[in-house]
Amino acid sequence: MSLKGLQKAAIRAPQLFKAKYNLGENTKDAVYIDSERRFQELETETKKLHDESKKYFDAINGMLNHQIEFSKAIQEIYKPISGRVSDPDSAIPEGNPEGIRACEEYETIVRELQATLAPELEMIEQRVIAPADELLTVIKAVRKTTVKRQHKQLDYDRHRTTFKKLQDKKEKSLKDEKAMYKAESEVEQATQEFNYFNDLLKDELPKLFHLEREFIRPLFQSFYYMQLNVFYTLHERMQSIDIGYFDLTQDVEGAFGKQRGDIQEQVEQLTIVHFKATGGKKPARFGGGGKLAIEGKSPLAVSRRRSNESLSSPPPPYSSSISSVMNGSSSSSMARANSTGSSWGAAAKAKGAAPPPPKPKPSRLAGAHTGPTATALYDYEAQAEGDLSFNTGDVIEITQKGATENEWWSGKLRGREGQFPGNYVQSN
């Protein structure tokens, strides 16, 4: 916008505000208001016509391209799972040679179909999309005229209000008389300009609506016939496909069931499809190879704990031979044992030596402590009474820290206090 346009916009701003909120006297022409409403609908629907016809053109092209990419993906899956250049046996047809040939034939047919439909799609672009573009260009020019008419109405209302204020003034000075004479001249000029654009649009907008209907009619007819040609060509070509790989004597569901067979059941038997992740490294629970003895616990509770441990069986935090006895009162002694079975023991031996067992647990410290903290590196579930459970990422208040990370530490988390292995956390 030029500097002159900015100045005019600033002058018209108060009157625009009044017109927007219906303050003061504002010129209203019912005939033009109805024509303006219809013109807005025409503008919206023409833009929609252009966009939807373009989307249809892109959709047909996209459908054929997706068909080609689909056949390529199936072809790659059918090929042997080996290197293409580095493996000398890659040329051995271990995959599905019949399926690969079917994919190649299908891709060739779709590419031929693309070439056949190219003229029809070009006609859609020339006879539907391009005319819609031309109509949008005409509508944009008319829109500029409606904006011009709105500006002239604002000027007309603004000058008329100024002239009426001066005219209603009872005692007029010489300066007021000059201002009223100038305002009268401005009102006369603004009236002529506003009436010109207002009458022009009221007269020619209905003509535009009639011509627009005549303009759209051949577009719709052309689109209908070209759409018939596209679908007829697609149907005829697809019906004539003769690829021996497909059994067209059965219905879709029957052919699908025959080709699939019992593959789904075989896949369900694979262990890896039932793998569940907990979001963090899960430590092993103690027991399995040795015995878990907890004083004050019934044999049923010990049995349940072992059952749960054998189901999850995560990696052990310490070695397979843990036999640490708790220091403290003679009436409460505890022993910790390894909860891993023979499979975890073999894995631990193959991997190497695990972290050494912790020293006996110290007695719990009394009183609150606001000392150092540590972040949990793994999930830990309490293995005995007095242990502190936590998840990976939890920040634990350290109430007693062992000399090394291979000892039992004491800490506090979410209002609960307990002991835990030091090699499961990292000091902050």
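Q: A contact means heavy atoms within 4.5 Å. In this predicted model, what share of the contacts between residues at least 6 apart in sequence joins residues at least 24 apart?
A: The share is 73% in the protein chain.

Q: What elements make up the secondary structure of the protein chain, and in what order do they run?
A: The chain has eight helices and five strands. From the N terminus on, the order is α-α-α-α-α-α-α-α-β-β-β-β-β.

Q: How do you know where confidence is lowest and where it is highest?
A: pLDDT expresses the predictor's confidence on a scale from 0 to 100. Helix H7 has the lowest mean, 42, whereas strand E1 (residues 373–376) has the highest, 93. Over residues 318–349 the pLDDT is below 50, although this stretch has 72 contacts in the model beyond near neighbours in sequence. Residues 363–369 also stay under 50, with 11 contacts beyond four places in sequence. Where pLDDT is low, the predicted coordinates should not be read in detail. For the protein chain, the mean pLDDT is 76, and 73% of residues reach 70 or more.

Q: Why is Ile272 called exposed?
A: A residue is exposed when its relative accessible area is over 50%. Ile272 has a relative accessibility of 70%, and therefore counts as exposed. Ile272 lies in the loop between helix H6 (263–268) and helix H7 (299–312).

Q: What makes the surface patch that includes Ile272 nonpolar?
A: The residues that make this patch are Ile263, Val267, Leu270, Ile272 and Val273. Val, Leu and Ile are among the side chains that count as nonpolar in a patch. The area of the patch is about 450 Å².

Q: Why is Thr162 called partly exposed?
A: Partly exposed covers values between the limit for buried, under 20%, and the limit for exposed, over 50%. Thr162 has a relative accessible area of 39%, so it is partly exposed. Thr162 belongs to helix H3, and its C-alpha atom is 9.0 Å from that of Val187, 25 residues apart along the chain.

Q: What makes up the largest nonpolar core?
A: A nonpolar core joins buried residues of nonpolar kinds through side-chain atoms within 4.5 Å. The largest one has 20 residues, and those with the most contacts inside it are Leu64, Leu117, Val230, Leu234 and Ile243. Helix H2 (30–78), helix H3 (97–168) and helix H4 (174–239) each give two or more residues to this core. H3 supplies the largest share, 10 residues. Beyond residues up to four places away in sequence, Ile243 touches Ala102, Glu105, Tyr106 and Ile109.

Q: Which residues does the second core include?
A: This separate core of 13 residues includes Ala376, Tyr380, Trp408 and Val425.

How values were computed: Residues numbered from 1 in each chain as written. Predicted model: local features only at pLDDT ≥ 70, side-chain atom pairs only at ≥ 80, totals over all residues. Heavy atoms only, no water. Patch = residues over 30% accessible without salt bridge, like charges linked within 9 Å, V, L, I, M, F, W, Y side chains within 5 Å. Areas by Shrake-Rupley, 256 points an atom, 1.4 Å probe, with all protein chains shown as cover. Salt bridge = Lys/Arg side-chain N within 4 Å of Asp/Glu carboxyl O. Helix = DSSP H or I, 4+ residues; strand = E, 2+ residues; numbered from the N terminus. Buried < 20%, exposed > 50% of the residue type's maximum accessible area, 1.4 Å probe, protein only.
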